[in-house]
Amino acid sequence: MKRVADHLSDVLETIQPLPVLDVHLLDSQGCILTEDVAAPWPLPQFDNSAMDGYAVCAEDVAEASEENPVELPVVADIAAGDLDVSAIGPNLSARIMTGAPIPARADAIVPVEHTDGGTARVRVTSPPKLGAHIRRAGEDVKEGEVVLSAGTSLGATQIGLLAAVGRDRVVVRPKPRIVVISTGSELVEPGQPVGLGQIIDSNSFTLTAAAREAGAIAYRIPPVPDDSEQLMSVIEDQLVRADLVITTGGVSKGAYDVVKEVLSDLGSVRFDEVAMQPGKPQGFGTIGEESTPIFTLPGNPVSSFVSFEVFVRPAIRKMFGATRLHRSSVKAVLQQSMRSPEGRRQFARAQLQPSSDGSYLVTPLSSQQSHRLADLAYANALVVVPEHLTEVAAGQVVDAVRLEQRRD
Ligand SMILES: Nc1nc2c(c(=O)[nH]1)N[C@H]1C(S)=C(S)[C@@H](COP(=O)(O)OP(=O)(O)OC[C@H]3O[C@@H](n4cnc5c(N)ncnc54)[C@H](O)[C@@H]3O)O[C@H]1N2
Ligand code: MOO
C-alpha cells in the first residue's frame, strides 16, 4: 500500500497554483493578492475634522468655561467635500462638519456639544487641547506605503482598504472552480422519495460545502448512475468549467465500480490503495486537453470526507496560492484508549476541547465506521494515529487536526 505522505506529495507535485488574474475589486473577495499594493496618496488625504463643531485657534479659547464662555465670530461654514476653504484669522472660528478640510491656521476643533451651536457667533464653553479632533493627512497611511503585500488573503476590510487607495481592480490568484460528482445507481437527491435500497446522496453536499469552506467555487451536480457512457459524458461536459474534478464512489473492488473503469482509459489517473483508515481506495491524476486534476474518492461518506481533508483541501489551497496548505493541529491528551489498524494511518473522528490549564483533551467517538454521518457531523477534530501504532492508551499525547467548529 502507498503511504499517505507519498500520495500527498504526488498530489501536490501535480497541482499547481492557478494563473493570476486581474479582477474587479469585489470579485477578489476570498482570493489571495499577488501584487504589492502601494498607496498613491496619503490617508487621510488632507487634514480633516473628526467632529462636527468649530475650527478654532486653541489659544483663543484656552480660558473658556461653562461660567465664562469665549465668544467668537463664525466666518465660514465648512461641510465635508467643500473645496473652497479659506484660512481663519485669530479670534475667529469656522463651523465645520466631520470629514471636512481644516482651514489654515486652525489648530483645534471644538465639538458642537461644547458650544451653544451658534451660526453667526459661537460661545465656546470648554477649551480644546492643541490639535484636538484633527485627523492629520498621512497618519493612517503614508504616500507610497505598501498597504497590502502579495500573499494577503482578501476579506472585507482588505477590500475596503484597496478601495480607499483608489484600486478598482487587483491582481489575484482566482478561486479554483471545482465540480463535485457523486456516482452510484443507488443514489437519490434529498427531497425526493427514497425507494427500498436507495440512499440519499450526501457526499456531494458534504464535499461541495467543504470545497467552499476551503476557499473554492464549487459546483455540485446531480448523482450519476453506474454507467460508463453516462459518466464519461458528464465528466467531459464538466471539464469546460472545472479547474479540478472530484468524484465519489465506484473505486473499490465492486462489479459496478465504473469510475475506475472509465478513468483507467482516460488521462493519467492512477488508482492506489493508500495506507490509511478510512480512505483506502484513492484515485488521482489529470484528464482532458487541459490536464485537469481529478480526485476519485471512495464512496463511504466518512472516507470521502477524510480523503478530502487529507488530499483535496491542501490541493485546493495550493491552487489559489495559500501559503498554509494544511489545517492546524494541536497536541492533545487522549481521554480514551484507541486501537488502530496495523500499517495504516488512522484519522479518527473526535471531540477536542481545551482544558483549564490551556492544554487540550481529545475523545475519539465510539465508532469509527465509514458510514456514520452523525458522528462525522459531531466531530470537531481528527486524531491522527501513525502507521506504526496499533494501540494508543488513554493519557497519551496525540496529534489532533482541528476541523472548523461546525456546531458552535
Ligand atoms: N471487497 C472489498 N470491498 C470493499 C473494499 C475492499 O477493499 N474490498 N474497500 C471498502 C472500502 S475501505 C471503501 S472506502 C469502499 C469504497 O467503495 P467505493 O468507492 O467503490 O464506493 P461505493 O461502493 O460506490 O459506495 C460505498 C458506500 O458508500 C455509499 N455511498 C456512495 N456514494 C455515496 C454518496 N454520494 N452519498 C452517500 N453515501 C454514498 C454507498 O451507498 C455504499 O454504502 O469500498 C469498501 N468495499
Ligand atoms: O478505506 Mo474505507 O475508506 O476504510 O472505509
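The model is predicted, so to speak of local features pLDDT must be at least 70, side-chain atom pairs count only at pLDDT 80 or more, and totals for chains, interfaces and linings use all residues. Residues are numbered from 1 along each chain as its sequence is written, chains are lettered from A and ligands numbered from 1 in the order in which they are written, and side-chain values use heavy atoms, with hydrogens and water left out.

**Domains**

- The protein splits into domain 1 (4-18 + 174-319), domain 2 (21-43 + 139-173), domain 3 (48-130) and domain 4 (329-402), with bounds that come from an automatic or database domain assignment.
- Between the C-alpha centres of domain 1 and domain 3 there are 67 Å.
- An unreviewed UniProt entry puts "domain: MoaB/Mog" at residues 179-318; UniProt positions are in the numbering used here, feature names are shortened, and annotations may be inferred rather than shown by experiment.
- Residues 179-318 are 34% helix and 29% strand, and the end C-alpha atoms of the span lie 17 Å apart. Helices (H or I, at least four residues) and strands (E, at least two) are DSSP runs, numbered from the N terminus.

**Helix 3 against helix 6**

- Helix 3 (residues 203-213) and helix 6 (residues 301-319) have axes that come within 10 Å and cross at roughly 25°. Axes are lines fitted to C-alpha atoms, for helices over the stretch in contact, and angles run from 0 to 180 degrees between N-to-C directions.
- Helix 3 and helix 6 are therefore roughly parallel (angles under 35 degrees; over 145 is roughly antiparallel, 65 to 115 roughly perpendicular and the rest oblique).
- On the helix 3 side, the contact (heavy atoms within 4.5 Å) uses Asn203, Thr206, Leu207, Ala210 and Ala211, and on the helix 6 side Pro301, Ser304, Phe305, Phe308 and Ile316.
- By class, that makes seven nonpolar, three polar and no charged residues. Ala, Val, Leu, Ile, Met, Phe, Trp, Tyr, Cys and Pro count as nonpolar, Asp, Glu, Lys and Arg as charged, and the others, Gly among them, as polar.

**Helix 1 against helix 6**

- Helix 1 (residues 4-14) packs on helix 6 at about 30°, with the axes 10 Å apart, so helix 1 and helix 6 are roughly parallel too.
- Val4, His7, Leu8, Val11 and Leu12 of helix 1 meet Val310, Phe311, Pro314, Ala315 and Lys318 of helix 6.
- The class tally for helix 1 with helix 6 is eight nonpolar, one polar and one charged.

- Most residues other than glycine have a negative phi, and most peptide bonds are trans.
- Leucine 43 and proline 44 are joined by a cis peptide bond, omega about -10°, and proline 44 sits in the loop between strand 3 (37-38) and strand 4 (48-49).
- Glutamine 277 to proline 278 is also cis, omega near -5°; proline 278 is in the loop between strand 19 (276-277) and strand 20 (281-287).
- Asparagine 91, not a glycine, has a positive phi of about 60°, in the loop between strand 6 (70-78) and strand 7 (93-96).
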